[in-house]
Amino acid sequence: MSAMLLNKEKWPDFIGKLADKKLWVPQADGDAMRFAPIAEGAALPLEFSNTRVPPKQVVFPQTETLYRFQLGQEEMEQPQLEEEILLLGVRPCDARAMEIVEKLFRWDVDDPYYLKRRALTTVVGLACNEPCVNCFCPSVGGGPASTEGLDLLMIDLGEKYLLEPVTAKGVDLLAAVKEFLDEAGTDAVKQKEQVISASMQKIKRSVDTEGIPKGLPGLWEDSLWQRVSASCLGCGTCTYLCPTCHCFDIQDETEGFEARRCRMWDSCMFKEYTLHTSGHNTRPTRRERTRNRINHKYSYYVDKFDVIACVGCGRCINLCPVNIDIIEVLRQVKEAL
Amino acid sequence: MSDNYEPNIVAFLCNWCSYAGADLAGTSRMQYPANIQIIRVMCSGRVNPLFVMNALQQGADGVLISGCHIGDCHYMEGNFYARRRLGMLKELMEFIGVDSRRFHMSWVSASEGHKWKEVVEKTVEDAREAGPYEGFRRRRIDW
Amino acid sequence: MEMDQLRKTAAEIVSRDDVKYLIGWKQGTFGYRIAPSFVEDASGAAELLFSPLCTANLATYLRLVETLPVPRGQEADTRKVALMVKGCDSRAVAQLVVEKGISRDQVVVIGCPCPGVVDVALLARKYPETEIPAELKWNGSGFTLVRSGEEIKLAREEVLAEKCRLCRYPNPVISDIMLGEQVIPWEPSADSGVAEVEKKDYAGRWAYWEDQFSKCVRCYSCRNVCPLCYCQDCILDRLNPTWVNRAVNFSENTAFHIARAFHLVGRCIECGECERVCPANIPLGRLNRKLAREVRDKYGFEPGADPEAEPFQASYKPDDPEDFIL
Amino acid sequence: MTEKPKVGVYVCHCGINISATVDVDAVAEFAKKLPNVNVARTYSYMCSDPGQSLIKNDIKELGLNRVVVASCSPRMHEPTFRKAIKEAGINPYFLEMANVREQCSWVHEEKEEATAKAKKLVAASVAKVRVLEPLEAKEVDAEPAALVIGAGIAGIQAALDIADAGFKVYLVEKTPSVGGRMAQLDKTFPTLDCSACILTPKMVDSANHPNIELLSYAEVEEIGGFIGNFDVKVRKKARYVDFEKCTGCGDCASACRVANRFPSEFDQGMGKRSAIYLPFPQAVPAKYTIDPDSCLFLTRGKCGKSPKCEEVCLANAINFEQEDEIVEFRVGAVIVATGFDAFDASRKPEFGYVDYPNVITGMEMERLVSSSGPTGGKVTINNGEEEIIPKEIAFIKCVGSRDKSIGNEYCSRVCCMYTAKQAHLLRDKIPDANIRVYYIDVRAFGKGFEEFYDRVRRENIRYIRGNPSEIFKRGNKLVVKVEDTLTSTPLEDEVDMVVLAVGLEPRADMRKMMDLLRLSQSPDRFFLEAHPKLRPVDTATDGVFLAGCCQGPKDIPDTVAQAKGAASSAMIPLARGKVIIGAQVANVDESTCRGCGFCVSICPYTAIELVAVNRMGHQVEVARVNEALCKGCGSCSPACLSDSIQPKSFRDRQILPQIAALGVMR
């Protein structure tokens with residue numbers, strides 16, 4: 001199926017038709033946005049650049065119980081994963097991030113939890129008309145209308161959405177709601193190009209990644225790491241809000257004599273991340289942790305999967321409480337090379 | 001709220017006064033509700049206020065802390081600290097919406113078996129009125 | 001305060017043999033952002049500034065720096081740290097002295113009397129941030145925003161941070177060097193945020209906080225930014241015993257926030273940093289301020305007001321309130 | 001320690017005390033399913049020999065390493081079961097008791113409810129016992145010496161007993177002479193022995209005993225340490241008289257330029273003394289002391305051309321250069337025998353004590369009737385106009401006792417009898433006097449007391465029930481305004497003299513002793529004993545004992561008995577030569593301690609101090625616990641934000657599983 005048009009007035013009918021899946025849509029939360037299961041008939045908000053917590057939380061929940069058991073007993077019980085999910089309004093950068101992260105979860109051994117959820121999820125993107133002040137997706141291989149990781153891309157054309165299927169899932173989805181759609185003409189495609197090119201113009205910040213993946217390991221002892229990490233609080237904001245960060249921890253948690261084994265997000269910015277039982281910490285200070293975060297995204301991941309594990313969404317810059325700005329860090333890296 | 005709701009109360013008692021007072025209530029065969037379970041500590045000053053949080057999270061519908069009367073502390077000052085700490089915890093818990101009827105503190109001496117009985121009755125009755133605690137109960141998390 | 005004076009003073013301080021570095025504020029990389037700056041030489045001193053955008057409480061860095069093993073044959077670096085503080089920040093230093101988190105002679109306190117800083121998020125909503133760093137100045141009655149060569153006058157009330165509306169300590173309570181004139185304290189406004197929660201019934205309060213705590217991603221920025229949360233091993237990171245499970249859900253998050261707030265009873269100096277840094281927009285300040293108010297009103301204690309005080313959590317008064325005791 | 005827990009659970013029937021209300025078999029069956037529980041049994045009396053053997057056999061045969069006993073209160077049988085499991089070879093602290101009798105079967109009737117609760121209590125005990133730690137009680141050497149503070153009859157007696165047993169005693173007395181209040185008394189009730197006659201030999205013994213080091217005119221400045229090892233610092237005040245040289249001849253006192261100008265403390269201000277003085281003729285030590293507040297030379301720097309005392313002292317004992325001396329020593333036990341203050345009668349202004357010279361207190365009466373007193377035993381009184389022999393005499397009892405309005409709710413226990421005694425003595429001295437006693441109640445409870453009271457009444461001494469409201473002057477008489485409450489008759493009784501039977505009060509300076517020794521007050525403000533019935537001479541501070549009226553009003557025989565009790569208790573650690581330190585004490589994880597000192601401020605026993613340690617090359621301070629001082633209360637622990645200080649056996653990680661078990665078990 002080719003690109004289609006959806007009149008915004010028909011939005012409630014459109015999502016009503018898709019209600020057999022669990023729908024997650026960005027919703028206002030005070031001044032910010034968050035993905036949350038949608039109430040019936042709610043509109044898709046448009047006046048936002050992106051959610052604070054990326055939609056990775058839907059396919060890679062922050063906490064996931066793997067199984068439950070009783071202390072001193074052998075039996076265990078696993079949760080059933082069956083519900084189909086429809087993620088609506090995902091920004092192209094976040095969808096790209098899912099694609100990037102999936103490489104990790106398919107590497108070595110397949111991660112059944114991530115892959116199962118990913119398979120159950122249909123991702124409908126929303127192209128960016130108004131990028132945020134710190135967006136730099138074009139510098140790292142993305143763009144305001146990138147389709148990587150998406151099943152369907154929506155472009156806001158004012159009164160209408162342009163819907164472009166990307167995968168078979170996207171085609172199926174369009175087929176299911178065909179009755180509310182109109183064929184998109186060349187006008188619509190032209191309009192889309194204008195919108196996207198205007199959007200590109202609004203992206204002011206950029207990174208020159210040339211040489212960084214190869215050069216980073218050589219800067220291991222460079223003074224820049226001390227400089228850029230001095231003000232770091234060691235919190236998990238940058239990593240938890242990063243759409244490509246995917247580290248997790250596994251814990252057995254008990255209540256009385258009952259227990260569950262869970263996995264939950266972890267952050268390489270935390271002291272405990274590399275703390276050994278002996279008390280030794282292989283990354284004893286924020287300097288090593290900051291260095292690792294940048295190296296992992298811009299060097300190790302490139303080595304292993306040939307892609308930078310940063311999609312330029314700008315969240316870590318927007319939300320770092322102490323203005324540790326990855327663009328500035330990379331500028332200093334470049335300078336030091 | 002289920003009709004056959006019986007509140008589950010966790011109590012922290014100091015060894016020297018309140019625990020002994022509760023023993024005395026037993027020796028005197030006073031009858032009181034079975035909803036209360038006692039954890040013995042050496043002094044009410046030992047009670048970390050976060051025990052209360054933990055109890056509510058893990059299944060208590062009410063919490064009671066009991067120590068020696070002011071001036072009678074076996075360790076002289078422990079109950080003064082307990083009073084300050086738990087007074088502040090109460091402010092915090094009420095502010096986040098934990099009904100004050102779920103949280104009691106009392107001074108019961110080793111000779112006040114009857115007072116212990118009254119304290120238990122009041123604590124259980126209040127927790128009963130407040131209903132089953134849901135709040136941030138860990139059990140509300142399914143998976 | 002004149003920036004020249006600040007930079008000159010800072011340059012003198014960092015040139016001293018007994019000073020390791022100076023922690024101050026400098027312009028950030030975009031918009032209204034200010035970055036903490038660790039100044040070791042004159043060139044760093046030249047970047048320092050003090051403006052209504054300097055919200056961060058730098059006192060947190062006094063204890064944030066990791067202590068690495070001293071290599072064999074070397075001495076530990078015991079030089080002083082110089083620190084720029086606003087009124088609220090200075091209370092953190094005083095409270096740290098009270099609880100021996102730092103010794104008073106290990107820090108050179110540079111006091112900056114503060115007419116009030118802005119709520120950057122609020123400012124950004126009215127005048128969106130751009131990729132170019134902007135400048136904000138006090139102008140006597142309010143603020144002047146300078147960006148792209150344009151000057152915009154802002155009324156004080158329009159963008160003043162909430163903590164500043166409630167502020168009772170605009171002037172540093174301790175300092176070694178005071179920069180600029182003392183400001184005249186203003187009448188603090190009523191704490192509407194706390195009142196909004198207090199007017200609800202128990203069910204309403206819990207509904208409110210459950211919603212808030214559900215948003216928490218447990219990034220620990222509130223804890224890490226707090227100048228008074230500086231345990232080497234936080235009990236909330238421990239696994240034996242486990243006070244709070246690592247699982248992230250409203251139940252554990254609530255326990256986390258209760259424990260965090262409770263550990264700050266009689267210690268929180270109301271700098272508002274926890275709320276400012278929260279990526280989930282949880283109004284943590286309300287929790288802390290409520291308790292700070294009770295400590296003040298019912299127990300007559302004000303943390304960080306007196307570096308000689310007895311710590312609230314390690315003292316009692318014979319007539320402490322006990323109306324709640326059966 | 002990494003050994004996997006193997007728990008045995010033992011549910012006691014306690015005859016039918018438990019099993020009538022709790023289904024003990026169901027509890028045992030339930031317990032078997034709890035994690036790490038290897039065996040669960042019931043038995044009729046777990047504390048009996050066969051019951052204990054059951055546990056011991058299981059420990060040996062099944063290799064149990066943890067035991068839960070569900071029975072009576074741990075306050076009852078914890079020591080029993082600790083001992084039992086220790087005998088079977090496991091650490092005695094690997095025991096947890098579930099109190100299913102006092103706090104379950106005895107207080108609940110419904111069997112189902114009680115059984116359910118018992119199960120929860122057992123689950124909580126299992127949860128805790130799994131994570132308990134092995135502990136060792138430690139012993140430290142005890143110094144075979146004692147400190148006795150106060151050398152009244154209580155202190156003297158205690159010191160003599162301990163010294164006789166062969167231990168060194170340091171006897172510290174604040175005033176220049178030993179003897180205390182008893183030395184001031186004339187006769188003792190009800191036997192009418194001469195107080196001085198029975199006391200003086202003991203005073204002399206206390207100074208001459210080879211094992212007693214008497215430190216008179218001295219005060220305790222500091223006491224550190226703990227039972228077995230108290231470090232004491234005593235200030236010996238300057239007497240300005242060389243103790244070795246003074247022969248006690250008294251030439252100095254007669255020669256003193258301000259001779260007999262100052263009220264004698266011993267004579268209750270009714271007699272006079274010089275600036276250099278011996279408190280009373282039988283004083284021990286019989287050494288003169290210059291009162292720095294009244295000596296001309298010491299107050300003004302000048303006393304005529306040269307001080308008279310110096311001129312007349314043939315022994316050259318006067319030394320104005322003398323300074324206070326600090327003496328330091330170590331003792332294993334301390335006895336506090338600091339006595340009391342007589343109630344200050346001016347606090348009852350309605351009785352005119354301040355206004356009328358013929359209103360006197362009982363203590364003054366003691367001196368007045370004493371043949372060694374200021375009048376040589378002749379009872380005369382100034383009625384404001386002239387010195388007369390009083391013929392109309394009224395005693396008023398309960399002055400400053402049993403009186404809520406001045407904050408003394410207690411009975412002073414001695415006033416009834418000393419009033420009877422004084423009335424009797426007055427009857428002897430002034431046979432034609434009219435003597436009446438105004439009383440609220442007469443309490444004659446001791447040995448020979450009632451008989452004595454009866455005898456006094458038969459000596460034509462009238463007991464009138466009434467509490468006088470006022471005393472005022474009319475002509476040269478005092479009028480006692482009172483209602484005879486037996487006949488409901490208001491009286492205005494005209495008398496020549498009123499004796500106020502003042503009660504006993506805690507010493508005004510007791511706060512210092514409380515701070516020195518971490519003692520508390522009971523509601524009557526006297527020192528608090530460890531237990532009112534079973535540990536009446538002990539205090540909450542181990543190794544510190546109470547004797548005499550500092551613990552509460554007492555007569556002489558009770559004081560002596562308590563002194564002997566305190567002496568014998570104090571001798572326990574001295575005789576053993578060792579003291580056992582509790583095992584359940586606080587413990588600091590120095591690697592996480594942040595050195596804030598909250599625990600140091602909180603500890604009521606000063607058992608915690610901050611010490612400098614080297615942490616990876618950095619000097620940091622951390623808390624350290626003196627296990628001998630720590631009582632294991634655990635008050636420090638909730639204030640420790642990093643949870644670094646924890647009481648052993650009551651650690652957070654041992655209590656939290658209990659909470660979880662109680663919460664989760666349904």
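Which residue lies over the face of D:F243? D:K287 does, at 5.2 Å from the ring centre. This is a predicted model.

**Charges over rings**

- D:K287 and D:F243 give one such arrangement, within chain D.
- Chain A holds another: A:R291 lies over the face of A:W220. The distance to the ring centre is 3.6 Å.

**Aromatic pairs**

- Over all chains, a search of the whole structure finds 41 aromatic pairs.
- One of these is B:F136 with C:W206.
- B:F136 is buried, with a relative accessible area of 0%. C:W206 also counts as buried, at 10% relative accessibility.
- C:Y220 and C:F256 make an edge-to-face pair, because their planes stand at 85°. The ring centres are 5.2 Å apart.
- C:Y220 sits in the loop between helix 9 and helix 10 (221–225) of chain C, and C:F256 sits in helix 11 (residues 250–263) of chain C, so this pair ties together parts that are 36 residues apart in sequence.
- Both C:Y220 and C:F256 are buried.
- C:Y220 and C:F256 belong to one aromatic cluster that also takes in residues of chain A. Among the chain A members are A:F60, A:F105, A:Y114 and A:Y240.

**Interface of chain C and chain B**

- Chain C puts 46 residues in contact with 43 residues of chain B.
- The area buried between chain C and chain B is about 4,000 Å². Carbon and sulfur atoms give 68% of that area.
- Six salt bridges run between chain C and chain B. One of them links the side chains of B:E91 and C:K290, at 4.0 Å from N to O.
- Between chain C and chain B, 18 residue pairs are in polar contact, counting pairs with both residues at pLDDT 80 or more.
- On the chain C side, helix 8 (192–198), helix 9, helix 11 and helix 13 (284–299) each supply at least two residues.
- Helix 11 of chain C gives the largest share of that side, with ten residues.

**Interface of chain D and chain B**

- This contact takes 46 residues from chain D and 48 residues from chain B.
- The area buried between chain D and chain B is about 4,000 Å², with 55% of it from carbon and sulfur atoms.
- Two salt bridges cross the interface of chain D and chain B. B:R46 forms one with D:D652, and the closest N and O atoms are 2.6 Å apart.
- The interface of chain D and chain B has 19 residue pairs in polar contact, with both residues at pLDDT 80 or more.
- Elements of chain D that give two or more residues to its side include helix 3 (74–87), helix 5 (111–129), strand 36 (645–647) and helix 18 (652–664).
- Helix 18 of chain D supplies the largest share of that side, nine residues.

**Helix 1 of chain B**

- Helix 1 (residues 18–27) of chain B is mostly covered, with eight of its ten residues buried.
- The buried residues include B:S18, B:Y19, B:A20 and B:G21. B:A22, B:D23, B:A25 and B:G26 are buried as well.
- Just after helix 1 of chain B, B:R29 takes a positive phi of about 55°.

**Around C:E270**

- C:E270 is found in the loop between helix 11 and helix 12 (273–277) of chain C.
- C:E270 counts as buried because its relative accessibility is 16%, and the cut-off for buried is under 20%.
- The side chain of C:E270 makes a polar contact with the side chain of C:R296, at 3.2 Å.
- Leaving out residues up to four places away in sequence, C:E270 touches C:R91, C:K163, C:R168, C:R289, C:A292, C:R296 and C:E302.

Definitions and conventions:
Residues numbered from 1 in each chain as written. Chains lettered and ligands numbered in written order. Predicted model: local features only at pLDDT ≥ 70, side-chain atom pairs only at ≥ 80, totals over all residues. Heavy atoms only, no water. Phe/Tyr/Trp six-rings, centres within 6.5 Å; stacked < 30°, edge-to-face > 60°. Buried < 20%, exposed > 50% of the residue type's maximum accessible area, 1.4 Å probe, protein only. Helix = DSSP H or I, 4+ residues; strand = E, 2+ residues; numbered from the N terminus. Lys NZ or Arg CZ within 6 Å of the ring centre and 35° of its normal. Contact = heavy atoms within 4.5 Å. Buried area = accessible area lost by both parts, 1.4 Å probe. Polar contact = N/O pair within 3.5 Å; in protein donor to acceptor, adjacent residues only side chain to side chain.
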